Amino acid sequence: MTKIMSHNISIQKVTESQVTNIDFNNIPLGTTFTDHMFICDYDNGTWVNPRIIPMGMIPTHPAAMALHYGQAIFEGMKATIDANGNPMLFRADKNAARLNTSADRMGMPNFPEDLFVEGLKQLVDIERSWIPPADGSALYLRPFMYADEPFIGMRAANHYKFIIMASPAGPFFSNRIKLWAEKQYIRAAAGGTGEAKAAGNYAAAIRPTELAKAKGYDQVLWLDAVEHKYIQEVGTMNIFFKIDGKFITPKRDGSILDGITRMSVIDVLRDKGYEVIERAITIDEVQEASKNKTLEEAFGTGTAVGIAYIQEIGLEGETIHVSNESPVGLEVNNTLNAIKTGKVEDKFGWMIKA
Ligand SMILES: *Cc1c(COP(=O)(O)O)cnc(C)c1O
């Protein structure tokens, strides 16, 4: 069945949905994909042939430039269902804009932001039965772009694919996590690609993360590239500290990811009457606060987990313990989840009907 809808997105549906094979109470993380995907090609300077087709393999030339020179960027977001069973997207316009910020840094073409949102809406609408109903569950969406032009040589590619995949995700219960403050390896330096959601940033983080895990930690806490003391962020999350009643999060300096959860948490905290300061913060300051008992709370923020509480931060030879008494982050997480499922008024105007 093929039909043309607004934005001329052609749609080819599967004959039989696989959703009936899914146990929503036990969804394997990251390995389950919905029936369809959205694809668009960049050819001769324009995006052409936006289409929703059955999920499947994509033939790739061995010289596809993304495989050699790494022009590959992505986004991550979630669709939820509101009280009436309608699919909703959280701040999808921000993801559309951020993809293009990443594209600019990586020498890749911008993707039209209205087509990004429209592609998401139509895909989510087709896959609405894949959105797990349980509280805290969601349909994870992964828009991404990569260079698929077959060419050996160092320049920006002329041919790209933009794809959106969807994967159901169960409620994420995060235990308090342990971070390893990394002083040898770095994630991002001034002038680098730290603010781009680029595949290569992750490639460079994999080995240090494995080493931290071998030491018993969950994630790496990245420090600045020069002095190894200014806190940047965590693996796939931005970071917040509550010290002496005030929230502090590293200010954006081009080296940290401009997290949409981060910006939303700042708004919710301020709305609840808390002071939030975006500024440079060192690992020494956090350690000092822990010692004099003013480190009241620390958590990571990101789409995948929402808010992940931090239990401790390991340094060479020392451990920074974080208090477990202030639950403000939890309150913020509940507020965000309630907005995403339409249980409280969306006073920030963040939700988009799919
Ligand atoms: C995606 C990401 C985040 C979190 O961003 P959200 O928009 O909140 O999901 C934080 N840090 C890095 C490195 C990321 O890639």
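**Ligand site, pocket and cavity**

1. In this predicted model, an N or O atom in the side chain of arginine 98 is 2.8 Å from an oxygen atom of the ligand. Lysine 197 has a polar side-chain atom 2.7 Å from a ligand oxygen. For threonine 303, a side-chain N or O atom is 2.6 Å from an oxygen atom of the ligand. A polar contact here is a pair of N or O atoms within 3.5 Å; within protein, one must be able to donate a hydrogen and the other to accept it, and residues adjacent in sequence count only if both atoms are side-chain atoms.

2. The ligand on its own has 380 Å² of accessible area, and the protein covers 97% of it (Shrake-Rupley method, 1.4 Å probe; for residues, only the protein chains shown count as cover).

3. Basis of the values: the model is predicted, local features need pLDDT of at least 70, side-chain atom pairs count only at pLDDT 80 or more, and totals for chains, interfaces and linings use all residues. Residues are numbered from 1 along each chain as its sequence is written, and side-chain values use heavy atoms, with hydrogens and water left out.

4. Around the ligand there are 15 residues (a heavy atom within 4 Å). Lys197, Tyr202, Glu233, Thr261 and Thr303 come nearest. By class, this shell has 4 nonpolar, 7 polar and 4 charged residues (Ala, Val, Leu, Ile, Met, Phe, Trp, Tyr, Cys and Pro count as nonpolar, Asp, Glu, Lys and Arg as charged, the others, Gly among them, as polar).

5. The ligand takes up the space of the largest pocket (more than half of its atoms lie within 2 Å of the grid points). A pocket is an open set of points on a 1 Å grid over the protein atoms alone, with protein on both sides within 12 Å along at least five of seven lines; a cavity is a set where a 1.4 Å probe fits but cannot get out; lining residues have an atom within 4 Å of a point.

6. The largest pocket holds about 1100 Å³ of space. Its lining has 43 residues, and Tyr140, Arg142, Thr236, Ala304 and Val305 are the closest to its centre. The lining divides into 20 nonpolar, 15 polar and 8 charged.

7. The largest cavity has a volume of about 90 Å³. Its lining includes Lys78, Phe90, Thr261, Thr303 and Lys340. By class, the cavity lining has 3 nonpolar, 5 polar and 2 charged residues.

Key:
Grid points are joined across faces, edges and corners, and a volume is the space filled by probe spheres set on the points.
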